[in-house]
Amino acid sequence: MHMLWLALASHAFLSASPSIRARVAPPSIAATAEAEPVRMRVTVPAGVAAGDPLHVSTPAGELLIVTVPAGLQTGDPFDILVPALPPPPPPLSAAQAGGGDLPLVLSRAELERSQLPADAPEAGRFEELPLGPQLEPRGSIGERLGRGACILRVPGVVSSDEAAALLSAALSARSAQVERRGKPPSRGRARLPVSEPSLFGRDSVETCEEVLLRVLDLCDEAMPSLHETLFAPREGWQERQPRNAQGSQPEVPPPPDLAERCPSLRDLYMAAELEWSEGEPAINVYTSDGYFGAHKDHLALTVLIPLTAPSTDFEGGGTGFWAGNSAVGEDPRGPPDLVLAPAAGTALLFGGDVTHAGLPVAGGLRSVFVASFSTRTPASPPDR
């Protein structure tokens, strides 16, 4: 029955803020043609050798980290696939938009209504980043994410002020954790559960909950196939779930009536019908040489939001992803197929069978908010 707003009770507050508990008015939708990934030529700069990481700025303004292919040296070119960012088209009315998955582009007035930060020019726009040689067009976005064919990128989910406030709270929480344990965190990474009352206060808990609801509302409105494919307890639910650490899919499905009681991701959250990864939602703080080894989250969906900016706050780092989904283990050979170090406040969404890692930070400080979750079943641990 793990919900952030339930955690408020342990802070001696009886209920969450009405602005958090009340349903956010759904934003209007403006449809865009899905942008095809574009081929971009990169030249190996001086001082960089084959196998080294290389920062690349894409036409969409995304900072990617790619690995220089074997056999190349200074001055040699090579091609990579990067997401294109098309200009937003005129908005559609609700009647024109209809159902199904749509990329989401919001006007400034709509940003206010949906509680998205207004300081990010691309806030709320979903982009699919192919995990593999090219983007697979088959099926819905929920199906593609479930089989590990893509990572979803959502700029502007967290404002700069919110990111700064959460980072400040996380650094204070890290100090309290170190003092309590009497030693610094191992592997240069502090993992800080947001619902732990000895670490975070009410303001931080409410901000994290608002961020989560923001993401869930955007998913429900713009990409309903995420709920329909990965969370709704309809026929075949077990076969659509990621495998656990033993390589098995869930044996026990959610109760059938949950589909009617909770027809959206927000409804599942508000009814405490989501199972969370142990210790999550959490904020991770990485210092120099800090990392998170390759692993899978084993739950239907992971939301990862950096609170610090690449190059400005830290060097190196980023999240590495390996293509192959369940066919690739948690000890992959070779470098990741895709490395992302997005701007602070940008959400990355991916499925639970995707092998990924927090890459070593070369200098500075990197921090991310992370939450992995699935639909709760009778077999779910009661404390998660």
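Serine 311 is found in the loop that links β11 (301–306) to β12 (314–316). The model is predicted. Although serine 311 is not a glycine, its phi is positive, at about 70°. The residue is partly exposed, because its relative accessible area of 44% falls between the 20% and 50% cut-offs.

Most residues other than glycine have a negative phi, and most peptide bonds are trans.

A cis peptide bond joins glutamate 280 to proline 281, with omega near 0°. Proline 281 sits in the loop between β8 (274–276) and β9 (282–286).

Strand β15 spans residues 347–351 and is mostly covered. Five of its five residues are buried. Burial extends to both faces of β15. One side carries Ala347, Leu349 and Gly351. The other carries Leu348 and Phe350.

Two pairings involve β15. Strand β6 (residues 150–154) pairs with β15 in the antiparallel sense, over three bridges. Here valine 154 has alanine 347 of β15 as its bridge partner. The pairing of β11 with β15 is antiparallel and runs over four bridges. Valine 303 is bridged to leucine 349 in β15.

Key:
Residues numbered from 1 in each chain as written. Predicted model: local features only at pLDDT ≥ 70, side-chain atom pairs only at ≥ 80, totals over all residues. Heavy atoms only, no water. Buried < 20%, exposed > 50% of the residue type's maximum accessible area, 1.4 Å probe, protein only. Pairing = 2+ DSSP bridges.
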